[in-house]
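Let's walk through this structure together, one element at a time. Please keep the 3D view open as you read.

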Amino acid sequence: MVFDTHTLGAGLPLVRVAAFLDACEHDYGASATDVRPVITMHAPAYIGLNDAAWARYTIGPRDPATKQPYGRNIFASERPDDPYATIAVPVLQRRGAIFLFCNNVLKSLVSSYARRLNQPADAVRADLIASFLPGVVLVPAAVAATAMAQERGCAYTVIR
Amino acid sequence: MPDSSQSIPRRRFLGGVALTGAVLALPVGVVSAAAVPAVAAGAWDDHWLKQLKARHRVIFDCQTLSGDLVGYPGRYLDAMLDGYGAKPGDVQIVIGLSGKAWPAALDDQRWQKYSAAGRFAGNGSRPVDAAAIAAFQKRGATFLVCDDALLQASQDLAAAGGAGEAATIHTDLRAGLLPAIVAVPAMSAAIALAQQHHCAYIAA
């Protein structure tokens, strides 16, 4: 199934993908290799970046307790005290999920960060790509990848 | 939302379209109307469906009136051509206008006539004008508009007053569609049919 992901609200994409995997494997009797979620990330693509990038570019939501930026990717953190530890990006990847990073979103991030940090766009782009979490794949456009995934038999759902 | 308490069955379409049980099992589209213009079975234009033959086919389900009606499919087309190496003839795009997106299908005359009463857009200006639609059609896109949405809008406009009877308004809206925009009985059915014709689906 391809998850056409436009929002990150309270970790919704991770919750939905985990629920899909759980239902298929535990309730419908599918084996792990029978199930393959593909997450095409639009605006929330930054969950595919590592802690260093989150800190360097001040990415992501603020910690409600401290009101400060987390400074690390809590959606990829498996620390037991973190909110998405059991459904974090690497956890879902180990369960077969493929996370795709939209190049249009990347262009937007590059433009924003380059301007904010007064750095060359090429350098920021290279740094962001080097900051992808392992296994995260850059695609020309999430919308095209979403359609291509369906051409290869993926069912479709949207997360808004 | 349609008022089911006053609803009448309104399925009189798809005479020439082969349906599977899955589509036939779809809930019957209902629109509350005292006078719904009759359309003979088989009178709906389904050439768009028969022409779906390209290798890559997508239907965009657009329910919001915004510039993304063409912007989002445009990014798809650009990515297919520039990123994945497809040729223009390899890609077919269908854009379905329903929900609050249907006014994008109107010509300028009808837009100006009905936009205030229909509250199509906050500031009254068109987020997607006729030129933008035409430009995207030239890139191979087919635009569909949901007739259930037009019927509902006709009733809303009639209820708002000053624009005449619902049936008259509906006829006028249908006459005021931009060139080559195809009216379909219900977008939900058109989307299902497009998927049966191997279109990918994108909620836009």
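This is a predicted model: local features need pLDDT of at least 70, side-chain atom pairs count only at pLDDT 80 or more; totals for chains, interfaces and linings use all residues.

Where do they meet? From H4(B) come Tyr114(B), Ala117(B) and Gly118(B), and from H6(B) come Ala153(B), Asp156(B), Leu157(B) and Ala160(B). Sorted by class, this contact holds five nonpolar residues, one polar and one charged.

Now step back to see chain B as a whole. Its secondary structure amounts to eight helices and seven strands, and 41% of its 204 residues count as buried. Take the contacts in chain B between residues at least 6 apart in sequence: 79% of them join residues at least 24 apart.

Beyond its neighbours within four places in sequence, Leu97(B) is in contact with several residues, among them Cys62(B), Trp102(B), Phe143(B) and Cys146(B). In soluble globular proteins, nonpolar side chains tend to be buried together. Here the largest nonpolar core has 106 residues, and those with the most contacts inside it are Tyr76(B), Ile95(B), Leu97(B) and Trp102(B). The element that gives the most to this core is helix H6 (residues 142-151) of chain A, with seven residues.

Another part of chain B to visit is helix H8 (residues 187-196), whose buried residues are Met187(B), Ala189(B), Ala190(B), Ile191(B), Leu193(B) and Ala194(B). Why does Ala189(B) count as buried? It has 21 other C-beta atoms within 10 Å, and the cut-off for a buried residue is 20 or more. Ala189(B) and Cys146(B) are 43 residues apart in sequence, yet their C-alpha atoms are 9.8 Å apart in space. Just after H8(B), His198(B) takes a positive phi of about 70°.

How many residues of each chain take part where chains A and B touch? There are 14 from chain B in contact with 12 from chain A. On the chain B side, the elements giving two or more residues are strand E3 (56-62), helix H3 (68-83) and strand E7 (200-203). H3(B) gives the most to that side, with seven residues. By class, the chain B side divides into 10 nonpolar residues, two polar and two charged.

Crossing over to chain A, you will find five strands forming an open sheet in the order E4-E3-E2-E1-E5, with parallel pairing. At its edges are E4 and strand E5 (156-159) of chain A, each pairing on one side only. Neighbouring strands of this sheet are turned by 25° against each other on average, direction ignored.

You can trace the sheet strand by strand. Strand E1 (residues 2-5) of chain A pairs with E5(A) over four bridges in the parallel sense, and Asp4(A) stands opposite Val158(A) in E5(A). Helix H4 (residues 103-117) of chain A packs on the sheet, where it touches E3 and E4 of chain A, and its direction makes about 55° with that of E3(A).

Strand E2 (residues 38-41) of chain A runs parallel to E3(A), joined to it by four bridges; there Ile39(A) stands opposite Phe99(A). On to the next pairing: E3(A) and strand E4 (residues 137-139) of chain A are parallel partners over three bridges, with Leu100(A) bridged to Val137(A) in E4(A). Is strand E3 (residues 98-102) of chain A largely enclosed or open? Four of its five residues are buried, so E3(A) is largely enclosed by the rest of the structure.

Key: Residues are numbered from 1 along each chain as its sequence is written. Chains are lettered from A and ligands numbered from 1 in the order in which they are written. A residue is buried if 20 or more other C-beta atoms lie within 10 Å of its own, exposed if 12 or fewer, and partly exposed in between; C-beta atoms are placed from the backbone. Two strands pair if DSSP finds at least two bridges between them. Axes are lines fitted to C-alpha atoms, for helices over the stretch in contact, and angles run from 0 to 180 degrees between N-to-C directions. Two residues are in contact if their C-beta atoms, placed from the backbone, lie within 7 Å. A nonpolar core is a set of buried Ala, Val, Leu, Ile, Met, Phe, Trp, Tyr and Cys residues joined through C-beta atoms within 7 Å. Ala, Val, Leu, Ile, Met, Phe, Trp, Tyr, Cys and Pro count as nonpolar, Asp, Glu, Lys and Arg as charged, and the others, Gly among them, as polar.
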